[in-house]
Amino acid sequence: MSKAHVVDHPLVQHKLSIMRDKGTSTQGFRRLLREISVLLCYEVTRDLPLVMQTIETPLAEMQAPTLAGKKLVFASILRAGNGLLEGMLELVPSARVAHIGLYRDPETLKPVEYYFKAPEDLDARLVIVVDPMLATANSAIAAVQRLKDRGANNLRFVCLLAAPEGVAKFIEAHPDVPIYTAAIDERLNSHGYIVPGLGDAGDRMYGTK
Ligand code: PRP
Ligand code: URA
């Protein structure tokens, strides 16, 4: 059964509060998102399986723990997902990357796909889907379904902010995919924006509004 993990680390919460502030610059917003993504990555990978490997230190041979299995995949929902992707790749530089281009139609709030590219063997890898915002959850649900249709069977979803409505809908659609988020806010407004939220993540990241 899927679950929403709230990453309540004080550094995450402090940085998120600065990001929410409408006075924070585009440059500051991007930098903070990258910094938080490193901390979220630490949490979402906390229980990755390890195997022992024989290595030689300068002093002795030893059994040393190393990550088991194939390299994991980060799947970024464009375009705001790339803000989380950057920090995640700093921590796991050998990860493979999938890109899913989706935008939310402002009238219907339904996702419209314009790009998809992913590694071939998704069925053999852990896939961590990243997007800062889980609002109605329409985009995240569609992205996860697209990855499942391509074979992914071991997925996690990481965001910065979620609405309670989006969390409930996502869990209903994908009960096997745990959510990691820095906060679950009060509600969605009539335009599908998270309240109090931080506004439009893509626009704030790239200065497009
Ligand atoms: C934002 C956000 C999510 C989506 C969340 O993207 O990055 O992908 O909205 O909303 P939902 O949960 O209601 O689907 P947007 O569509 O604004 O595209 P952008 O990243 O290109 O700005
Ligand atoms: N997308 C955003 O960027 N912000 C919201 O609050 C909702 C969807």
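Predicted model: local features only at pLDDT ≥ 70, side-chain atom pairs only at ≥ 80, totals over all residues.
User: Where does ligand 1 sit?
Analyst: Ligand 1 takes up the space of the largest pocket.

User: And where is ligand 2?
Analyst: Ligand 2 also sits in the largest pocket.

User: Back to ligand 1. Which residues come nearest?
Analyst: There are 15 residues around ligand 1. The nearest are R104, D131, T136, A137 and S139.

User: What does D131 do there, in terms of distance?
Analyst: A polar atom in the side chain of D131 is 2.4 Å from an oxygen atom of ligand 1.

User: How far is the side chain of S139 from an oxygen atom of ligand 1?
Analyst: It's 2.5 Å, counted from an N or O atom of the S139 side chain.

User: What about A135, which part of that residue is involved?
Analyst: The backbone. A polar backbone atom of A135 lies 2.8 Å from an oxygen atom of ligand 1.

User: How much of ligand 1 does the protein cover?
Analyst: On its own, ligand 1 has 500 Å² of accessible area. The protein covers 91% of that.

User: Which elements give two or more residues to its shell?
Analyst: Strand 5 (96-104), strand 8 and helix 4 (138-149). Strand 8 is residues 133-134, and L134 is found in it.

User: How does that shell divide by residue type?
Analyst: Around ligand 1 there are 7 nonpolar, 4 polar and 4 charged residues.

User: Which backbone atoms lie 2.8 Å from ligand 2?
Analyst: I194 has a polar backbone atom 2.8 Å from an oxygen atom of ligand 2. A201 has a polar backbone atom 2.8 Å from an oxygen atom of ligand 2. For G199, a backbone N or O atom is 2.8 Å from a nitrogen atom of the ligand.

User: What does UniProt list as "binding site"?
Analyst: An unreviewed UniProt entry lists R79, R104, D131, P132, M133, L134, A135, T136, A137, N138, S139 and D200. From this set, the lining of the largest pocket takes in R79, R104, D131, M133, L134, A135, T136, A137, N138, S139 and D200.

User: Where else does UniProt place that feature?
Analyst: At I194, G199, D200 and A201, again from an unreviewed entry. The pocket lining takes in I194, G199, D200 and A201 from this set. As for I194, it is found in strand 14 (residues 194-195).

User: New topic: the backbone. Is the peptide bond from L78 to R79 cis or trans?
Analyst: It is cis, with omega near 0°. R79 is in the loop between strand 4 (73-78) and helix 3 (81-91).

User: What kind of bond joins V195 and P196?
Analyst: A cis peptide bond, with omega about 0°. P196 lies in the loop between strand 14 and helix 6 (201-206).

User: Last one. Is phi of L109 positive or negative?
Analyst: Positive, near 65°, in a residue other than glycine. L109 is in the loop between strand 5 and strand 6 (111-117).

Methods: Residues numbered from 1 in each chain as written. Chains lettered and ligands numbered in written order. Heavy atoms only, no water. Polar contact = N/O pair within 3.5 Å; in protein donor to acceptor, adjacent residues only side chain to side chain. 1 Å grid on protein atoms, 1.4 Å probe; cavity = no way out; pocket = protein on both sides within 12 Å on 5 of 7 lines; lining within 4 Å. Sits in = over half its atoms within 2 Å of the grid points. UniProt positions renumbered as here; feature names shortened; annotations may be inferred. Helix = DSSP H or I, 4+ residues; strand = E, 2+ residues; numbered from the N terminus. Near = heavy atom within 4 Å. Areas by Shrake-Rupley, 256 points an atom, 1.4 Å probe, with all protein chains shown as cover. Nonpolar A, V, L, I, M, F, W, Y, C, P; charged D, E, K, R; others polar.
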